[in-house]
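Biologist: Can you walk me through this one? I'd like to start with the pockets.

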Amino acid sequence: MVFGTKMKAVLLIAMCTTLVACSSGGNGKGNKEVVEKTPVVAADPFGRFEETITVSLGKAMSVDIELPPGDTQENNEYVRFIEEELNVKFNYDWQTADGDPYKQKMDLVIVSESVPDVMLVDEAQLKLLVDADLIADLTDVYEANISPELREVFESTKELSLASATFDGKLMAVPNSSPGADAMNTLFIRKDWLDAVGLPVPKTLEDIEVAARAFIDNNLGGGNNQTIGLVGQQDIVNIGNSIFGFDTIFSYFDAYPELWVKNDDGTVEYGSIQPETKVALAKLRDMYANGVIHREFVAETGSSGREKIISGRAGMFFGPFWMPSWIMIDNLKLDPKAEWVTVAVPLDKEGKFKTHTMSPTSSYLAVSKKMANPEAVIRILNHEYIIDQTRGNEFYIDQNVRYNRVNLPFGHMMAPFDEKEIAVVKVDEVLAGTREYDTLLAHEKIQYDRIVYNNENPKKDLLAWASSITVDTTRGMIQSNVEKVTGAFYGKTTTMNRKWVNLKKLEDETFIQIIMGDKPIDAFDQFVADWKKQGGDEITSEVNEAVK
Amino acid sequence: MRTSRNVWGYYLMLTPPILLVLIYEIFPLFGLIIAFQDFVPGKGMFGSTFVGLDNFIYMFQLKESSQIFYNTIFIAVSKIVLNLIVPLIFALMLNEVLQNTLKRWIQTIVYLPHFMSWVILAGVLTNLLASDGIFNNIITALGFESIFFLGSNTWFPIVIIGSDVWKEFGFNAVIFLAALTAINPSLYEAAKIDGASKFHQLRYVTLPGIAPTIVLLACLGVGKIMNAGFEQIFNLYNPAVYASGDIIDTYVYRIGLTQHQYGLATAVGTLKSVVGFILVVLSWKLADKWANYRIF
């Protein structure tokens with residue numbers, strides 16, 4: 001095997017030499033220039049390296065990977081394919097569980113300066129790495145090696161993602177790009193409960209309250225005050241992935257807490273301190289007092305709230321499009337009669353549904369300064385993108401192993417910003433017979449297959465069922481009455497590093513105390529004054545400077 | 001010659017602990033330099049710029065600091081005091097249980113929680129204290145309003161202190177039980193002959209007998225005065241109870257580790273250690289004065 005690779009390398013070198021030798025027969029002068037300018041390894045987005053390149057990295061291991069016996073997240077068909085295609089080897093310095101353990105390990109690695117060649121980091125860590133001068137400037141490598149397909153992805157975010165990874169005009173990391181739909185919350189509601197109390201699917205905020213009240217009064221989630229009308233959690237707003245957040249209730253009132261929004265006069269202001277937020281808080285306070293929002297939401301986290309829904313105690317919650325496969329499948333296993341629907345509500349008086357979008361980028365792939373061939377990283381990403389978008393299901397085809405991005409070497413999320421919206425349109429076109437099935441991308445095909453299967457065999461395959469609901473969510477998002485508000489700024493400024501924790505504490509504490517009735521609604525005005533005084537004004541001017 | 005070789009043997013036995021202390025306790029102390037720096041990870045301890053007492057000054061300027069210090073000390077002191085009194089009373093009571101099997105059963109059951117992590121216990125507590133949990137079921141059955149234990153600033157510290165005492169009292173009682181066995185039984189016999197009641201035996205034989213242990217544990221407790229229990233609070237708190245539950249450690253976690261402000265985090269940690277150190281020395285002096293207890 002080793003001999004074989006070596007032979008191939010030798011052959012390749014021989015071929016290259018021949019090619020160069022042949023071409024030298026042309027214009028001598030021009031050829032000299034080319035030789036001078038061309039890098040040692042010609043820039044080809046999918047080009048194989050002549051000599052094996054070893055890439056060291058740390059890996060966050062997912063708990064529920066699905067691979068045949070013997071294959072691991074570090075060594076599987078996807079990894080082997082990329083290794084073979086590019087002549088690279090992956091060397092895993094360490095592994096952790098995904099989530100917090102990975103982040104902490106990465107923090108430690110950065111502080112101890114023993115960074116691997118490639119690392120997947122968050123924004124704060126990227127800043128650390130840049131300050132510490134540990135990572136390579138990728139500007140030229142990116143330009144020379146990025147595949148046209150992947151370039152399109154980053155352009156789809158209006159280059160927001162690339163800008164967030166650019167420091168002093170230098171691209172210091174490859175940003176991720178997640179679908180914009182991730183941040184948009186719709187209402188998920190138990191249709192069977194609505195039928196039981198004889199109510200239609202809610203449209204307005206009042207409808208939501210009425211439905212919640214009816215669920216609770218009829219003890220639909222179990223007797224003895226066990227029913228939860230609307231699930232909430234201590235993170236009441238999240239401009240990224242908001243699970244059970246009240247973001248949509250805020251945006252109903254044109255309030256966008258935690259989002260830096262553009263005012264009419266062109267200046268940028270922090271949404272949490274705007275008067276609209278006070279109005280929304282007053283409404284939430286009302287809803288809490290009436291028991292529509294469950295009393296202990298503040299002691300709840302995403303996962304404990306999830307338990308409440310799975311066990312069939314809750315009738316409604318707000319969440320992003322991927323909720324069905326995360327929660328409802330398990331709920332349906334316990335209670336096959338549960339009937340979930342999703343709608344983009346509440347609608348305001350003009351019938352509009354307002355929601356905020358998130359930054360397309362939350363993580364970055366940075367490359368150590370010590371790495372000799374940073375171009376390998378870009379080429380690996382090119383392959384990862386192709387596998388992720390189209391070829392994923394070609395692997396393990398006879399073993400019936402589902403494709404999962406986490407099994408790729410980097411597992412870096414690179415999806416077009418409007419991926420979900422495009423997919424649903426295309427899938428619907430195929431369903432309507434106006435488009436060929438073969439024109440769908442891999443993930444769109446899966447979606448289509450599942451919808452068709454679920455239409456024929458409702459709830460037979462819960463994954464298929466969840467896919468149908470998921471598509472419903474995205475369908476809600478592309479209606480003409482949806483108004484998406486994009487933040488003017490998603491980054492961090494210098495003063496934020498120092499003062500943000502305090503301001504966040506002030507905000508979280510005040511908002512929750514107002515909602516729970518521990519503080520009068522006018523405590524909001526005091527909050528705004530304190531917020532401004534304790535560094536908020538300073539940060540606001542920095543943000544305005546940054547967006548100029 | 002023979003004696004000196006014996007002494008060397010003892011020194012040899014002492015090397016591993018001395019090495020451990022050097023490596024894990026003394027050497028890391030140099031890291032305290034970070035507290036006086038604007039620490040940048042890539043530049044390291046030797047490359048970062050010194051900012052003097054900036055981090056300390058900033059810490060005291062924070063609007064929250066007085067509240068956080070108060071919470072820390074209030075929760076810690078309550079825990080120290082109750083973790084001394086409750087196990088003591090429990091040990092004295094258990095000591096009176098004559099049947100040995102029963103005694104051992106009780107002891108085992110009450111010290112079991114000590115071995116569970118707060119991550120697990122927090123999950124258990126959240127369920128027990130929920131509005132449909134066992135505590136609120138009892139409270140409502142008795143005709144009272146149900147209580148939102150984890151969301152109320154009145155109840156949160158009580159839950160924190162109470163659950164910590166519940167977790168630890170069985171284990172802490174072990175030390176007292178050991179001290180109780182060291183009391184000479186003939187003292188009790190003599191007291192009985194002199195006509196002492198159970199209470200008088202407790203007052204004049206038992207308590208003086210274990211006084212050095214109580215004083216020692218109190219001394220050790222004082223050193224922990226700035227440690228109100230990060231793991232426990234971190235797993236139970238939420239923004240609604242920041243006012244009564246946010247302690248130095250949880251705050252440092254949020255400001256220092258999630259925001260990568262290592263300098264500030266170290267400054268707070270250093271301050272904690274310095275205060276703890278002063279208090280330990282002080283209490284040792286007092287212990288020497290009042291209970292005639294000393295180690296060196």
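Predicted model: local features only at pLDDT ≥ 70, side-chain atom pairs only at ≥ 80, totals over all residues.

Biologist: What volume does the second largest pocket have?

Modeller: About 1,200 Å³. Its lining counts 46 residues, and the closest to the centre are A:Glu296, A:Lys308, B:Ala130, B:Ser131 and B:Asp132.

Biologist: How do the lining residues divide into nonpolar, polar and charged?

Modeller: There are 22 polar residues, 15 nonpolar and 9 charged in the lining of this pocket.

Biologist: On to the contact between the chains. How many residues does it take from each?

Modeller: Chain B gives 39 residues and chain A gives 34. The area buried between them is about 3,100 Å². Carbon and sulfur atoms give 51% of that area.

Biologist: Which residues in chain B lose the most area to chain A?

Modeller: B:Phe148, B:Pro239 and B:His260. Together they make up 20% of what the chain B side buries.

Biologist: What lines the largest one?

Modeller: Chain B residues, including B:Met59, B:Leu62, B:Ser65, B:Phe69, B:Tyr251 and B:Val268. The elements giving two or more residues are α4 (65–96), α13 (248–257) and α14 (262–291) of chain B. The largest share comes from α13(B), with 4 residues.

Biologist: Which residues line the second largest cavity?

Modeller: A:Phe321, A:Lys420, A:Ala423, A:Val424, A:His443, A:Gln447, A:Thr470, A:Val471 and A:Thr474. Helices α16 (419–432), α17 (442–456) and α18 (462–477) of chain A each give two or more of the lining residues. This lining divides into 4 nonpolar, 4 polar and 1 charged.

Biologist: Switching to strands. How many bridges join β1 to β2 in chain A, and do they run parallel or antiparallel?

Modeller: There are 9 bridges between β1 (residues 53–61) and β2 (residues 88–97) of chain A, and the strands run parallel. The chain gets from β1(A) to β2(A) through helix α3 (residues 77–86) of chain A. That β-α-β crossover is right-handed.

Biologist: Which residue in β2(A) stands opposite A:Val55?

Modeller: A:Phe90.

Biologist: Last topic, backbone. Where is the cis peptide bond?

Modeller: The cis bond joins A:Val345 and A:Pro346, with omega about 5°. A:Pro346 is found in the loop between β12 (340–343) and β13 (353–356) of chain A.

Biologist: What about A:Phe244? What is its phi?

Modeller: Phi of A:Phe244 is near 60°. That is a positive value in a residue other than glycine.

Biologist: Where does A:Phe244 lie?

Modeller: A:Phe244 lies in the loop between β8 and α11 (247–252) of chain A.

Methods:
Residues numbered from 1 in each chain as written. Chains lettered and ligands numbered in written order. Heavy atoms only, no water. Pairing = 2+ DSSP bridges. Right-handed = clockwise from strand over helix to strand, strands pointing away. 1 Å grid on protein atoms, 1.4 Å probe; cavity = no way out; pocket = protein on both sides within 12 Å on 5 of 7 lines; lining within 4 Å. Points joined across faces, edges and corners; volume = space filled by probe spheres on them. Nonpolar A, V, L, I, M, F, W, Y, C, P; charged D, E, K, R; others polar. Contact = heavy atoms within 4.5 Å. Buried area = accessible area lost by both parts, 1.4 Å probe.
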